[in-house]
Amino acid sequence: VPSSSSSDTGNRTVTLSNGVEMPTVGFGCAGYVRKPALLEALAAGYRLFDTAQATEWYLEDELGAALAEAPHVNRSELFLTSKLHPRDLGEQPTLDAFPRSLARLRTTYLDAFLLHYPRCFGSLCAKEPEGDWRAAWGALETLYVRGQVRAIGVSNFAPFELQQLLDIASVKPHI
């Protein structure tokens, strides 16, 4: 069970199962949020930003540009979360997609990297991915062990999929 605390700045945090502290309030970047709004969010004190590789809804590069331009914001003060697009499910496609997020966000690591969806649906993927979420999870574990990401997890998983993940994971999801 995560525990809550309050930092010196008054921002509430939760401690993940691996000891990483994550702010409990963040700024979601879905809906093509642009740099001016992101700079305003930074000025207002937001330090957790939730984005994703899905260019259908997110613009990681706009967040990266805002972070590079923001005055007096150190990377160590931020909690950056991104999520793998399901078109890149599979071990190698996930490992190949991850550095593209780092480049767009202009950072050398992520605080959290999640599997966005367990599969493609509708017109989300032009073609079926090379692998599945299980192989992608193995890649997330590799990134975590390498120290390239501080926490790993999933979103949009059904309870049965989460149970399947718990059954196979060497590193249990932090989020």
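Thr 107 is buried in this predicted model, with a relative accessible area of 13%; buried denotes under 20% relative accessible area, exposed over 50%, and partly exposed the range in between (1.4 Å probe, protein chains only). The residue Thr 107 belongs to the loop between α3 (91–105) and β7 (112–115), where helices (H or I, at least four residues) and strands (E, at least two) are DSSP runs numbered from the N terminus. The side chains of Thr 107 and Arg 75 are joined by a polar contact of 2.8 Å. A polar contact is a pair of N or O atoms within 3.5 Å; within protein, one atom must be able to donate a hydrogen and the other to accept it, and residues adjacent in sequence count only if both atoms are side-chain atoms. With neighbours within four places in sequence left aside, Thr 107 is in contact (heavy atoms within 4.5 Å) with Arg 75, Leu 80 and Leu 102.

The model is predicted, and local features need pLDDT of at least 70, side-chain atom pairs count only at pLDDT 80 or more, and totals for chains, interfaces and linings use all residues. Residues are numbered from 1 along each chain as its sequence is written, and side-chain values use heavy atoms, with hydrogens and water left out.

Ser 101 is buried, its relative accessible area being 0%. Its side chain makes a polar contact of 2.9 Å with the side chain of Gln 53. Apart from neighbours within four places in sequence, Ser 101 is in contact with Gln 53, Glu 60 and Ser 82. Of these, Glu 60 is also one of the buried residues of α2.

Two packed helices are described by the angle between their axes and the distance between the axes. For helix α1 (residues 35–43) and helix α2 (residues 60–69), the axes come within 9 Å and cross at roughly 50°. This angle makes α1 oblique to α2; angles under 35 degrees count as roughly parallel, over 145 as roughly antiparallel, 65 to 115 as roughly perpendicular and the rest as oblique. Axes are lines fitted to C-alpha atoms, for helices over the stretch in contact, and angles run from 0 to 180 degrees between N-to-C directions. The crossing of α1 past α2 is right-handed, the term applied if the near helix is turned clockwise from the far one by less than a right angle, with anticlockwise giving left-handed. On the α1 side, Lys 35, Leu 38, Leu 39 and Leu 42 take part, meeting Glu 62, Leu 63, Ala 65, Ala 66, Leu 67 and Glu 69 of α2. By class, this contact of α1 with α2 has 7 nonpolar, no polar and 3 charged residues. In this classification Ala, Val, Leu, Ile, Met, Phe, Trp, Tyr, Cys and Pro are nonpolar, Asp, Glu, Lys and Arg are charged, and the others, Gly among them, are polar.

Helix α2 is mostly covered, with 7 of its 10 residues buried. These are Glu 60, Glu 62, Leu 63, Gly 64, Ala 65, Ala 66 and Leu 67. The buried residues of α2 pack against α1, β5 (48–50), β6 (79–84) and α3.

Helix α4 (residues 133–145) and helix α5 (residues 159–168) pack at an angle of about 50°, and their axes are 11 Å apart. Helix α4 is therefore oblique to α5. The contact is formed by Trp 133, Arg 134 and Trp 137 of α4 together with Glu 161, Gln 164, Leu 165 and Ile 168 of α5. Its residues divide into 4 nonpolar, 1 polar and 2 charged. The crossing of α4 and α5 is right-handed.

Most residues other than glycine have a negative phi. His 72, in the loop between α2 and β6, has a positive phi near 60° and counts as exposed at 78% relative accessibility. Arg 106, in the loop between α3 and β7, likewise has a positive phi of about 60° and is exposed at 57%.

Further loop positions were examined. Ala 126, between β7 and α4, is exposed at 91% relative accessibility; its C-alpha atom is separated by 7.9 Å from that of Arg 87, 39 residues apart along the chain. Thr 24, in the loop between β3 (21–23) and β4 (27–28), is partly exposed at 44%. Leaving aside neighbours within four places in sequence, Thr 24 is in contact with Arg 12, Thr 13 and Val 14.
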